[in-house]
Amino acid sequence: MENKKAIKLIDSIVETLESNEIVTDDVVDMVRELRPYAVEENLPVVAKTLRLVTEHVEENEVFAIPIPQDEPLVDEESGEEIEAEHSEIITGSESLLYLINLIKKSENPVNKAEIREYNRKMEAFAE
């Protein structure tokens with residue numbers, strides 16, 4: 001995002017998530033406030049993400065979407081893939097913090113791909 005007010009708002013969200021370590025109503029309000037900037041900058045993927053985040057947290061009272069895994073985790077001794085249920089899945093404020101930092105640099109193609117993955121997970125969670 002390029003708008004200075006949007007970047008300042010993102011920084012406030014990051015600071016709040018880092019200090020509270022929980023997703024508060026204030027964070028949800030700031031995410032909601034950030035969405036018009038994404039629309040204004042013609043970032044439809046980001047605008048959708050911000051809408052899904054607010055809906056998800058309001059409905060579930062937490063951010064339950066895990067950070068997307070880049071590649072399957074492999075047990076170093078056996079060489080076998082570790083199923084997601086046996087590996088550490090990071091959700092909550094840590095995952096939302098990661099997503100907000102992706103949004104800050106959403107012009108990066110890798111970040112945009114991860115943002116889309118979050119969108120898919122939030123939509124699937126809502127079903």
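**Helix H2 and its surroundings**

H2 is followed by Asn42, whose phi is positive, near 55 degrees. Keep in mind that this is a predicted model.

Now the helix itself. H2 covers residues 25-40, and at 1.5 Å a residue its 16 residues should span 22 Å. The end C-alpha atoms are 24 Å apart, which agrees.

Which residues of H2 are buried? They are Val27, Val28, Met30, Val31, Leu34, Tyr37 and Ala38. The cover over these buried residues includes helix H1 (4-20), helix H3 (44-60) and helix H4 (92-104).

Take H3 next. Two packed helices are described by the angle between their axes and the distance between the axes. For H2 and H3, the angle is about 160 degrees and the axes are 8 Å apart. Angles over 145 degrees count as roughly antiparallel, so H2 and H3 are roughly antiparallel to each other. Their crossing is left-handed.

On the H2 side, Val28, Val31, Arg32, Leu34, Arg35, Ala38 and Val39 make the contact. They meet Val46, Ala47, Leu50, Arg51, Val53, Thr54, Val57 and Glu58 of H3. By class, this contact of H2 with H3 has ten nonpolar, one polar and four charged residues.

Ile13 sits in helix H1. Its relative accessibility is 0%, so Ile13 counts as buried. Leaving out residues up to four places away in sequence, Ile13 touches Val27, Met30, Val31, Leu34 and Ile100. Ile13 and Leu97 are 84 residues apart in sequence, while their C-alpha atoms are 8.1 Å apart in space.

Methods: Residues numbered from 1 in each chain as written. Predicted model: local features only at pLDDT ≥ 70, side-chain atom pairs only at ≥ 80, totals over all residues. Heavy atoms only, no water. Helix = DSSP H or I, 4+ residues; strand = E, 2+ residues; numbered from the N terminus. Expected span 1.5 Å × (residues − 1). Buried < 20%, exposed > 50% of the residue type's maximum accessible area, 1.4 Å probe, protein only. Contact = heavy atoms within 4.5 Å. Axes fitted to C-alpha atoms, helices over the stretch in contact; angles between N-to-C directions. Parallel < 35°, antiparallel > 145°, perpendicular 65-115°, else oblique. Left-handed = near helix turned anticlockwise from the far one by under 90°. Nonpolar A, V, L, I, M, F, W, Y, C, P; charged D, E, K, R; others polar.
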